[in-house]
Amino acid sequence: MTQARTSRAVPLLFLLAAAAGGLGLLYSPGCKLVESTADSIAGATSGTPVGTVFSGIARTAESFRDYSLAEEHYIGRAVAVQILSQYKVKEDEQLKEYVNLVGLAVLAAPEAGKTFSGYHFIVLEGEEIQVVSTPGGFVFITEGAVKQAKDEDELAAVLAHEIAHVTLKHGIGAIKAATRKKSAALLVQGVGQGAQEYSRSGGNANQQQLAELTAAFGDTVQDIAGQLLVTGYSRDLELEADKAAAGYLQSSAYARSALASYLRGLAGEQKSEGSGWFNTHPPANDRVSELGELATGEAPGRAVRKQRFLGILGGG
Amino acid sequence: MTWKASFFVRAAAAAVLLLTILSVVAWAAELRYVTEREAAIRRDKMTYSPRVATVKEKDVVELLETAKPWIRVSFKGVQGWLNQSSVTADKDFVASSSEAARGVVATEQSSAERGFNEKTERSYIESKPELGAIYELLAEIQNKTYPDEKVLKFLEAGKLTGGGAR
């Protein structure tokens with residue numbers, strides 16, 4: 001009788017455990033359950049090979065986790081520094097302020113995602129047409145790309161496209177692939193030799209680990225900057241950013257059609273082997289076609305804003 | 001069953017009931033954790049609506065209502081609207097990133113190991129002294145802010161107040 005009860009109780013316990021685990025997975029964001037379980041086991045078996053292995057599992061789970069706004073901020077700063085090492089900031093206070101205010105006007109669209117320390121719009125010297133954004137909300141636009149716009153709404157459209165890349169975490173998506181490799185390398189090291197040392201140091205990364213992290217950080221930043229400035233995002237991600245940008249324009253009371261009109265202007269400039277923006281974005285005409293209905297839509301006050309734009313650019 | 005045993009059973013049952021009620025009350029208060037360095041709680045569901053309170057990273061707000069992409073929250077007795085991208089429901093998420101930024105590794109799998117924090121950034125700058133001046137330039141850029149009043153004037157002058165501004 002007792003045996004029969006036990007034999008029924010065991011599957012029941014498993015069932016309850018599985019249900020609890022299932023509920024935990026439903027409730028927990030990302031790999032929290034895996035991490036916490038691995039952490040618990042690692043804690044309970046601290047100092048043993050089992051503990052080391054489970055520490056490794058927890059670290060692996062961490063490497064696949066989403067990035068917080070603060071993490072995106074540090075990544076973005078490092079990438080922004082790479083861009084600033086290749087371009088010079090345009091020293092024109094009036095233009096700087098104007099471009100920032102246009103960017104902040106677009107950000108009135110509540111669908112635009114927040115960043116850790118806000119967005120910063122930075123005008124770079126040069127006639128090359130280049131617009132790029134980093135995680136954390138650093139948006140760079142060359143003087144040439146500003147002048148390419150025919151009015152404020154078109155400038156807003158270009159900035160909206162970059163805000164969309166930040167909101168949709170396209171830069172972070174590019175980073176994650178590289179980071180996984182780096183994290184995996186550090187993980188192997190941690191499991192193989194560093195875990196006990198790590199534990200002895202009270203959880204603080206020691207100097208050697210910090211040096212390795214720093215090197216991995218630097219390599220990763222170089223990879224990302226290369227992707228942003230040389231290879232660019234995939235066609236699908238660019239089109240996704242265009243569609244989101246059209247939404248931001250509409251929500252912020254700019255003309256939704258301004259993105260298509262800016263792109264049409266660029267199509268005339270597009271060469272088979274261009275530089276900057278032309279190398280990193282799909283053909284402008286294709287993008288206009290893909291926008292479909294989103295390529296249309298006017299907004300009141302466009303003429304007023306055009307006068308303001310021309311006044312700043314010296315054409316009014 | 002003796003009267004003593006009966007008393008203990010009743011007391012235990014009452015304690016379980018009380019704990020259950022307390023758990024339900026605690027569970028009912030949905031909390032959110034601020035992930036921005038600083039964010040404004042707005043009077044209305046508008047990006048530049050008047051600010052009724054300011055929250056900082058790791059502050060805890062109570063979720064009252066969701067109207068995507070906005071959430072109505074309560075913070076220190078003040079109620080208002082926050083953009084939902086300013087917060088997370090995951091308490092651990094906030095703790096690990098901010099503790100890593102202070103150089104503290106709370107758990108073995110902290111985000112410090114991914115290298116994206118202030119401590120590694122300092123080490124990175126030390127290893128590349130040529131970048132120091134550019135980081136300073138970036139800090140200058142970051143320090144330049146535009147108050148809501150200025151943005152609102154710009155929106156009004158450009159006839160842009162018909163959107164999500166306020």
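Two strands pair if DSSP finds at least two bridges between them. The exercises below use that rule on a predicted model.

**Exercise 1. Which residue in strand 6 of chain B stands opposite Val73(B)?**

Step 1. Locate the two strands. Strand 5 of chain B covers residues 70–75, and strand 6 covers residues 78–83.
Step 2. Check the pairing. Six bridges join these strands, and they run antiparallel.
Step 3. Read across the pair. The residue opposite Val73(B) is Gly80(B).
Step 4. Look at the turn. Two residues lie between the strands of this hairpin, and Lys76(B) takes a positive phi near 50°.
Step 5. Most residues other than glycine have a negative phi.

**Exercise 2. Find the peptide bond to Pro69(B). What is its omega?**

Step 1. Pro69(B) sits in the loop between strand 4 (60–67) and strand 5 of chain B.
Step 2. Inspect the bond from Lys68(B). Its omega is near 0°, and the bond is cis.
Step 3. Most peptide bonds are trans.

**Exercise 3. Outline chain B. How many helices and strands does it have?**

Step 1. Count the elements. Chain B has five helices and seven strands.
Step 2. Follow them from the N terminus. The order is α-β-β-β-β-β-β-β-α-α-α-α.
Step 3. Turn to burial. Of the 166 residues in chain B, 43% are buried.
Step 4. Chain B exposes about 9,300 Å², with 57% of it from carbon and sulfur atoms.

**Exercise 4. Work out the three-stranded sheet of chain A. Which strands stand at the edges?**

Step 1. Write down the order. This open sheet runs 1-3-2, with mixed pairing.
Step 2. Find the edges. Strand 1 (120–124) and strand 2 (131–134) each have a single partner strand, so one side of each lacks a neighbour in the sheet.
Step 3. Neighbouring strands are turned by 20° against each other on average, direction ignored.
Step 4. Take one pair. Strand 2 and strand 3 (residues 138–142) of chain A run antiparallel and are joined by four bridges. Here Thr134(A) stands opposite Phe138(A).
Step 5. Helix 5 (residues 93–106) of chain A lies across strand 1 and strand 3, at about 140° to strand 1.

**Exercise 5. Helix 9 of chain A meets helix 3 of chain B. At what angle do they pack?**

Step 1. Read the geometry. Helix 9 (residues 207–231) of chain A and helix 3 (residues 118–127) of chain B pack at about 80°, with axes 9 Å apart.
Step 2. Classify the angle. Angles of 65 to 115 degrees count as roughly perpendicular. The two helices are therefore roughly perpendicular.
Step 3. Name some partners. Helix 9 of chain A contributes residues including Leu210(A), Phe217(A) and Val221(A); among those from helix 3 of chain B are Lys119(B), Glu121(B) and Tyr124(B).
Step 4. Sort the contact by class. It has five nonpolar, five polar and two charged residues.

Technical notes. Residues are numbered from 1 along each chain as its sequence is written. Chains are lettered from A and ligands numbered from 1 in the order in which they are written. This is a predicted model: local features need pLDDT of at least 70, side-chain atom pairs count only at pLDDT 80 or more; totals for chains, interfaces and linings use all residues. Side-chain values use heavy atoms; hydrogens and water are left out. Buried means under 20% relative accessible area, exposed over 50%, partly exposed in between (1.4 Å probe, protein chains only). Accessible areas come from the Shrake-Rupley method with a 1.4 Å probe; for residues, only the protein chains shown count as cover. Axes are lines fitted to C-alpha atoms, for helices over the stretch in contact, and angles run from 0 to 180 degrees between N-to-C directions. Contact means heavy atoms within 4.5 Å. Angles under 35 degrees count as roughly parallel, over 145 as roughly antiparallel, 65 to 115 as roughly perpendicular and the rest as oblique. Ala, Val, Leu, Ile, Met, Phe, Trp, Tyr, Cys and Pro count as nonpolar, Asp, Glu, Lys and Arg as charged, and the others, Gly among them, as polar.
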